[in-house]
Amino acid sequence: MKQILLLSCTALATSAVASFTPTSTFITHHHRSSIIHHHPSSNKHSVARHLMPNEDDKDYISPMRQRPPPKGGDVAYNNENILRQLRHYNEIRKVGGKECVQDIYARDPNTLGDNTRFWFVGKVARCTGTVSAEAAIARQMNLMEEHATRIRPVELGRSFGLLEFWFAPGDTEPLTSQNDMGTRLQKVTKVVDGSDKVPLLEVGLDLSIVTNQGAGFCIVRTGDGVVPPHMIA
């Protein structure tokens, strides 16, 4: 009797498992429903909508995409051009000394009058026999303006393309920091006739690196680049 009862329970369990065959499963992914049909006679699954593009995906840009090269040609802001001009700067300065160097400042567009701030950007070197100071600065303007907006993103970052650049004699940072009356800043135009033809071998650029916890170096002058009266000792 026990053997008959055991066989009956086993048969019922086998029948119940065989009779249960799932026909469909609903999967929700990103607020979309995909129906997967299962066929007992096959291990293959048919996905109805799982790979259909979402309307929200049309404007998606992959973070793995390759960035376009920077603009500026042979003075585009990249490591190759920055390091090349630094080598030229060192070579020219080694021969010509500080007399062939100009200190470069960018005018802070958020300041006016006798409290105008000028941020130190770097140094330009040139072959004095063939290139003027204005042409040397204009030739490397893109590198300087790109760099200025990066080292002073708050003060200068939103004014790319509109910044004014001024220069002082080379290695005069100690004098300008002490408000020396004889060291005056001069404004330079961004476009100088013939500057685009200047060989890069005849000019160099040493861009400033901010190391003092981001404070940088700036001086206060009038809108004309001279020491304001209230700062004269």
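Which residue in β9 is the bridge partner of Arg117? In β9, that partner is Val220. The model considered here is predicted, so local features need pLDDT of at least 70 and side-chain atom pairs count only at pLDDT 80 or more, while totals for chains, interfaces and linings use all residues. Residues are numbered from 1 along each chain as its sequence is written, and side-chain values use heavy atoms, with hydrogens and water left out.

Helices (H or I, at least four residues) and strands (E, at least two) are DSSP runs, numbered from the N terminus, and two strands pair if DSSP finds at least two bridges between them. β5 runs antiparallel to β4, and seven bridges join the two; within this pairing, Tyr105 has Phe120 of β5 as its bridge partner. β5 also runs antiparallel to strand β9 (residues 218-221), to which four bridges join it. With β8, β5 pairs in the antiparallel sense over five bridges, and Gly122 stands opposite Leu207 in β8. Because 10 of its 11 residues are buried, β5 is largely enclosed by the rest of the structure. Buried here means under 20% relative accessible area, exposed over 50%, and partly exposed in between (1.4 Å probe, protein chains only).

Thr116 lies in β5 and is buried, with a relative accessible area of 0%. A polar atom of its side chain lies 2.8 Å from the backbone oxygen of Gly113. Not counting residues up to four places away in sequence, Thr116 touches Arg107, Thr111, Ile219, Val220, Arg221, Thr222 and Gly223, where contact means heavy atoms within 4.5 Å.

The next topic is the nonpolar interior. A nonpolar core is a set of buried Ala, Val, Leu, Ile, Met, Phe, Trp, Tyr and Cys residues joined through side-chain atoms within 4.5 Å. The largest such core has 28 residues, of which Ile104, Val124, Ile137, Met144, Ala148 and Phe165 touch the most other members. The elements giving two or more residues to this core are β4 (101-107), β5 (116-126), α3 (133-139), α4 (141-151), β6 (165-169) and β8 (203-207). The largest share, five residues, comes from α3. Apart from this core lies another, of seven residues, among them Tyr105, Phe118, Phe120 and Ala168. Returning to the largest core, its member Ala148 is in contact with Ala106, Val121, Leu156, Leu163 and Phe165, leaving aside its neighbours within four places in sequence.

Since 10 of its 11 residues are buried, α4 is largely enclosed by the rest of the structure. The buried residues of α4 are Met141, Asn142, Leu143, Met144, Glu145, Glu146, His147, Ala148, Thr149 and Ile151, and what covers them includes α2 (79-96), β4, β5, α3, β6 and β8. Thr149 has its place in this helix and, at 10% relative accessibility, counts as buried. A polar atom of the Thr149 side chain lies 2.8 Å from the backbone oxygen of Glu146. Leaving out residues up to four places away in sequence, Thr149 touches Leu156, Gly157, Phe160 and Leu163. The C-alpha atoms of Thr149 and Gly161 are separated by 9.9 Å, the two residues being 12 residues apart along the chain.

Notes:
A polar contact is a pair of N or O atoms within 3.5 Å; within protein, one must be able to donate a hydrogen and the other to accept it, and residues adjacent in sequence count only if both atoms are side-chain atoms.
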